[in-house]
Each structure stands twice: as structure tokens, then as C-alpha cells.
Amino acid sequence: MDVVVWEAGLEELFARLSDCFRSDQPRAQARAYVAGLLSRTERKNGWTLAEFSRDAGPQKMQRLLNEYAWDEDAVGDVVRSYVVENLLEPDGVLVLDETGFLKKGKKSAGVQRQYSGTAGRVENCQIGVFAAYVSGKGKALVDRELYLPESWTEDRARCADAGIPASVGFATKPLLALDMIRRFWLAHRQIGWVAGDEVYGADPELRDWLEEHRIGFVLGVRSDTHVTTAVGRRRVDTLAALVPDSAWETYSCADGSKGPRLYDWALVETTDHAGPDNLPHQILIRRSRSGKKELAFFLTHSPKPVPLAALVTVAGRRWGIEDCFESAKNEVGLDHYQVRQYHAWYRHITLAILAHTWLAVTALRNHEEHPPSIPREKTAVGYQRLPDGLPITRQPEPDRHMMIPLTLNEIRHLIALFRQTTIPHNVITWWSEWRRRHQALGRYYHYQTRIRAAQRHATAATATRGSLQL
């Protein structure tokens, strides 16, 4: 276990932040704050982080978020550059999504009763809009914005009480997402693709900007979205009914934790052209392979022709931001804050993203140094649809030495155990390796269960069929 090397990487990242702080005091306090976020502390708020740092009370942690002079946006810029340096690939995807933060009371900036996808219902909560970078190397959050409902922006006295600047007005979630895309583009000029759900696919301003800058996208759209095709203007759900059975192709949009994520896909050309090159939009249709045959629809655009597999890969990588939300909340307390002020929210979220990003990059570096004997598929794989099933290659059964790679979650846990417990290091190492061997075995059996029914033993073959002209 290279814990010393891992921690040196965190110090190197913090060294890049020197210009973001006006003095050593807030920088040292931010370092203590991040150390607390990476600790075994169950709830990571001002009181518990102060206790971890052995402070007499939460005042220093509270001043860091509310009073000290430092630039959280500049910290965010450094973190985003750190992600680009380590995770950038030509087919990398900037993924957009929002997540809810359940709150009590009415004074926290942006809080109101609104739908939260996290809770799956209307709750009293704040909504954060995020961008994550997802590639074959890994995934990490890179930007954040706090959504302010109109009930807030129309009440300037309430905004002033929450520290919201007078210059901040109402902005829709797609507009906040577009601001983050622009920041990424202006700083790095490298975005392979953008992906998001129906909230972002329905926004013409966001789509127009991407088309003008020749950035490909795969954006979810509602089933009642209308497009123009060779058979006239139709709803996308009615187009799905017109696709012949022979035109559907089966792809796994990369491997999940339990094996290939198999769906049937179809690509339909439209006559709606856009962008400086006047290229057509396409409708990507995903159909589940279960008995319900549930459908999902995506509006796609690419500055150059790409195969169906590339679009399926982008669509599959949209799930990466959900993994980021889960691990950031569970491992570094993304949603554990207890602040009301507008800029304090940004400060906590930025430091949590920093901690999460460092874990993600550390996991990548460890993976590169110790590659698994059976690597996962990171892009879409197509399969011929045969009468007796799909030709999915069965994995070899893992031997007693095979382990899954160290994950972001495991690295955070190991560092905390090495630094915060008196357990002998060899015992911690033995426990981690034992657990990862059993996880490798469990993953193998999950994989086999998924493909066992009606599947033939054969070699995967990438499908080549293009879009469908209806």
C-alpha cells in the first residue's frame, strides 16, 4: 500500500493552490478541512471536523467557509485543470446533472420545496447543478452551481440575508450548465462530447452553443419530442414503433459492476440540420431487453460522422456522474454541510470536490501501476443478435490471487485506517486484499448470472450498421 505516495499527491495538489489564499492561515485551515473530509468521521460538518482537528470548537471551520479571504472559484479552476491533466481523452464526456441536498428551514440559500431526484419526490431542499468529466481513465466532478428558484431571486431582501450578490439573478438549470461548459471550454479548449438528461436536451440555447462550437452531444429528450424525418414530423416514441426488428442492434455501453450493460439500440436520421456545417440531428433510441421493452430517447449531433458504438459509449458515460454523486456524498461529505450563506455553500462543495478528485486520480494512478488481469470494457461493445442468444465471451474464473483494483472508496478508507487507528499496517493490508479477492469472485458470478440465460460462448463482434432512414 503506497499510502505515503498517495498523501504526497495530495500535498502536491495543495501546493498548486497557494495563489488562491491571501495568507497561510486560511490555506492551512482548508488543508485541515479536507483532511477531515477524508477521515473516518461519519458526519462531516463544522463540529465533527473541528473535533477531528482537535480544535476547541467549530469556529475555525466556520470562519473558513464564511469569513476567511480565499477564492473558491480559483480553487475550482485548479481542480478542473488537475482532472484534465489526468483524465483527458479524445472521447471524454462532460456530463451534466443536478442533485438535491435535503434541508430543514427556509434560510439556506436557494432552499424551497422542489423536486429532488435524490429523494425521488418534492422535498425541502437545495439543488446543485454539476459537471463531471468521464473518460475511459476515470470520472470526477469538475464544476458546480447552486440553483436559485425564482421565489428567491424575486425577493432581494431574502437574497441579501443569505449573502447572494445583487448581480446574481434567476438562471435555469440548463443555463447554469452552459456557464460550466463555457468555463471548461475557455480554459482547456478540449471537450469531446457533452451528455445530459432531458432537462438539458430540451434547451435550444445549450444545444445551439454546442453546435456552433462543433462539440458533439448526446442529450436525453422526452418521449413527446417532435423531430422531422423522411416520413414527416413525428414524436420520437412513434418513430421507435416504425423501426423494424432487424434494425435494432445490441450493445453493452461498457461494463458495469455486474457485467455488460446490455440494451438494444437504434439510430434514426432526421432532416433537422444544425450547426455551421449544417449536419443533421439523429435520434438515438435505447430499448431495454427485459419484457417491458422500456424506451429512452437521445438527441445526438456530431461535427463529424461517427459509428453507433461511439454514441452508445457517450450515452453510457452519462451514468458516471451518478457514481460521482454517490461516492462524493458517501466518502467526502458532499452533502454533510451545515451552512446557510451562498458563498459558504460554494466553498464547502469546492473543497469536497477537491478531495473527491484527488481520490479519483489516486485510484487511476494505482490502476495504471497495478493493472487488473481482466480489464473492464470501457467503451461500447456490439453483439450479433442470434436466435439462441448473444455471443458474449465468458470471463475466466478468478483464481485465489485475483483482486479488483483499488477503488476511490477503498483508498479513502485505507488512508483513514493507516492514519487514525492503531491496527497494524500488515493487518489492514491483509484485510483489504481479502476483501478485494472476494469482491472479484462476487463480480465474476454476477457477470456469469447476467449472461447465462440463452447466451452462447463466442467472441464479441462490433456491429457496423449505421443510422436508419425512415
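The structure is a predicted model, in which local features need pLDDT of at least 70, side-chain atom pairs count only at pLDDT 80 or more, and totals for chains, interfaces and linings use all residues. Residues are numbered from 1 along each chain as its sequence is written, and side-chain values use heavy atoms, without hydrogens and water.

Helices (H or I, at least four residues) and strands (E, at least two) are DSSP runs, numbered from the N terminus. The axes of helix α1 (residues 3-15) and helix α15 (residues 408-420) come within 11 Å. They cross at roughly 105 degrees, and the two helices are therefore roughly perpendicular. Axes here are lines fitted to C-alpha atoms, for helices over the stretch in contact, with angles from 0 to 180 degrees between N-to-C directions. Contact (heavy atoms within 4.5 Å) involves Val3, Val4, Trp6 and Glu7 of α1. From α15 come Ile411, Leu414, Ile415, Phe418 and Arg419.

Strand β1 (residues 93-102) has eight of its 10 residues buried, that is, under 20% relative accessible area, with exposed over 50% and partly exposed in between (1.4 Å probe, protein chains only). Strands pair if DSSP finds at least two bridges between them. β1 runs antiparallel to strand β3 (residues 121-134), with 10 bridges. Asp97 faces Phe130 of β3. With strand β5 (residues 193-196), β1 pairs in the parallel sense over three bridges. Val93 has Trp193 as its bridge partner there.

Methods:
Angles under 35 degrees count as roughly parallel, over 145 as roughly antiparallel, 65 to 115 as roughly perpendicular and the rest as oblique.
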